[in-house]
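Hi,

Here is the structure I promised to pass on. Have a look, and my notes follow below.

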Amino acid sequence: MNWNKNSVNENNEFKDTLSLHYDNVSDNLNPNKLKTYGSNDINKYLKAPYKYIEDNFINNSDIYNKNILDYCCGTGSYLIMPAQNGANVWGVDISSKSIELAIKRSKILNTSKKCKFEVGDAEKLSFNDNFFDIILCKNITNWTLTFNC
């Protein structure tokens, strides 16, 4: 990949725009939506892959005390169920308002002791190698940029 000053600036501008977009989406979220999570928190037409993951990996696996990262976690919807099943979960997102809602959701659903959320750039994570047993990332490839690839 050939990075230059312009592509780095474009990438930073893109991230700022993306953060602002999701901050605005979070501002307009119905507060009652924080009571739902996982596949119950998604459009019925997009539900199948999430339901599959829940049924085959979260509810029917030994994830107790496993470390799970949701990379670009948004409002934390997909970390609640693993936390309910005893996993230690981390969520990182570029939107500070999404992270605020993720923290609020984990408190409403009594999983806050197992959940840790932070605002961060998914390209600059500070976790040690091999810290996580499972990493979730969904719907992020539609936001992936390529520069001079």
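The largest nonpolar core has 14 residues, where a core is a set of buried Ala, Val, Leu, Ile, Met, Phe, Trp, Tyr and Cys residues joined through side-chain atoms within 4.5 Å. Buried means under 20% relative accessible area, exposed over 50%, and partly exposed in between (1.4 Å probe, protein chains only). Ile63, Ile68, Leu79, Ala87, Val89, Cys115 and Phe117 have the most contacts inside this core. At least two of its residues come from each of α3 (80–84), α4 (96–108) and β3 (115–119); helices (H or I, at least four residues) and strands (E, at least two) are DSSP runs, numbered from the N terminus.

This is a predicted model, by the way: local features need pLDDT of at least 70, side-chain atom pairs count only at pLDDT 80 or more, and totals for chains, interfaces and linings use all residues. Numbering starts from 1 along each chain as its sequence is written, and side-chain values use heavy atoms, with hydrogens and water left out.

Back to Val89: leaving aside residues up to four places away in sequence, it touches Ile68, Leu79, Pro82, Ala83, Lys114, Cys115 and Lys116 (contact means heavy atoms within 4.5 Å).

As for the fold, the chain has four helices and four strands, in the order α-α-β-α-β-α-β-β. Of its 149 residues, 38% count as buried. Among contacts with a separation of 6 or more, 68% link residues 24 or more positions apart.

Phe57 sits in helix α2 (residues 47–58) and counts as partly exposed because its relative accessibility is 47%.

Cheers
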